[in-house]
Amino acid sequence: MLAMQHYNSSGVTATFPLSNQTPTMQASVVEAVACNATGSANNPTAAGLSMTLGILFNVVALIILAKAYSRYRRRSKATFLLFASSLVATDLAGHVIPGALVLRRYSVHTEGSTVDPVSRFQGDPDNPDASCLFLGSCMVFFGLCPLFLGCAMAAERCLGITKPLLHARLVTTARTKMALALIWLLALCVALLPNFSLGAYTYQFPWTWCFIKVVEGTTATDLAFVMVFSGLALSSLASAFVCNTISGITLIRARLKKKKSCSHRSSTGSQDTEMVVQLVGIMVTSCICWSPLLVFALMSASRSYSGMSGSERDTYRGLMVTGVRMATCNQILDPWVYILLRRAVLRKIYRITKRRASFKGSTFRSVRWDISSFQNSEKSSVQNI
């Protein structure tokens, strides 16, 4: 999923009227377009840097979660940490496996010197090879898994906050691991649907990454496959939003009740707040990164199935490029949710903000005191005169 971060920024192939040109001019125009589409693909530095940063961030987040899990192994937070660790591990795998495939294509492109420069790196959309099918399956699998896991985490926390006794009775470590296996199995089944003649994977513009056939030659099965993929993903985001909203409202009400009764805040309440804040961060990141690709895929498949013009095809190609670029950012941003939105970090931010606010307040009060004392001294001097 790193491939689309390194191609021309327009994302749309330039079109030229070829009917009035000589064969030599046509060949030069086609060569110019091909070089424009693959010009920035010659340098694997950006892909390697993006992959390295993603691996580093996910490993740091895994270490933080592993330490927290060993500390809260027998508490209610252990289930959340198990889900979170699985999510980060899935993001790490989704960054390494497709990234390694992209870097391999870079190496093949660099090593081949006798083959045409376009065909060395770009694939044939009419005849996708095994690597394309594998990359397309990875796009679907590693796209659905984080969204499914985020939804499961939100539902688990919603149950734990609203019905703690029922949560303690139903949610166990063994059942959590079983739920994780079912989530991965469901995502894998969806990714393998093209093997059962429901949809197909093919090279996408600029023919260097693979996804569901949504722009050209879209059939009814391709449209159904896109609807299944996008429908499941968007439903997961919507379910996570509902669960996080219920959890947040419940925590706010509990906090207000404790303030009215002048009771001290428990450590369990602060842990619940921390987990809900992290879930909201995951949800917002997933919505921003994945929603464009899901919506653009639905729009493109629908228009392609009903028939689209050449200008529309170029527009949807550019939209798909933009969507997949944003989706690749999700695996890099997710670890920062656990790195930054921890209780220790949030407390430091709160203390710094509180100190600055108190400093400004004390400065304002001192200025008012100086003005009032000056006015009083003026009044006393006038009375003496």
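Let's start with Cys-243. Its sulfur sits 4.8 Å from the closest cysteine sulfur, in Cys-158, so that is too far for a bond. The cut-off for a disulfide is a pair of cysteine sulfur atoms within 2.5 Å. Cys-243 counts as buried, because its relative accessibility is 15%. Buried means under 20% relative accessible area, exposed means over 50%, and partly exposed is in between, with a 1.4 Å probe and protein chains only.

A word on the source. This is a predicted model, where local features need pLDDT of at least 70 and side-chain atom pairs count only at pLDDT 80 or more, while totals for chains, interfaces and linings use all residues. Residues are numbered from 1 along each chain as its sequence is written, and side-chain values use heavy atoms, with hydrogens and water left out.

Next, Cys-287. Cys-287 is partly exposed, at 28% relative accessibility.

Cys-132 is joined to Cys-210, S to S 2.1 Å. The link is left-handed, with -125° about the S-S bond. It connects distant parts of the chain, 78 residues apart: Cys-132 is in helix α5, Cys-210 in strand β2, residues 209–212. Helices (H or I, at least four residues) and strands (E, at least two) are DSSP runs, numbered from the N terminus. Both cysteines of the pair are buried.

Now the packing. A nonpolar core is a set of buried Ala, Val, Leu, Ile, Met, Phe, Trp, Tyr and Cys residues joined through side-chain atoms within 4.5 Å. The largest one has 59 residues, and Val-140, Met-153, Phe-211, Ile-212 and Met-320 touch the most other members. Helix α5, residues 130–162, gives the largest share, 12 residues. Apart from that core lies another, of 8 residues, including Cys-132 and Trp-207.

Beyond its neighbours within four places in sequence, Ile-212 is in contact (heavy atoms within 4.5 Å) with residues including Val-140, Tyr-201, Phe-225 and Phe-229.

Last, the annotation. The unreviewed UniProt entry marks "transmembrane region" at several stretches, among them 133–155 and 223–254. Such annotations may be inferred rather than shown by experiment. In the model, residues 133–155 are 100% helix, with end C-alpha atoms 33 Å apart. Residues 223–254 are also 100% helix, and there the ends are 46 Å apart.
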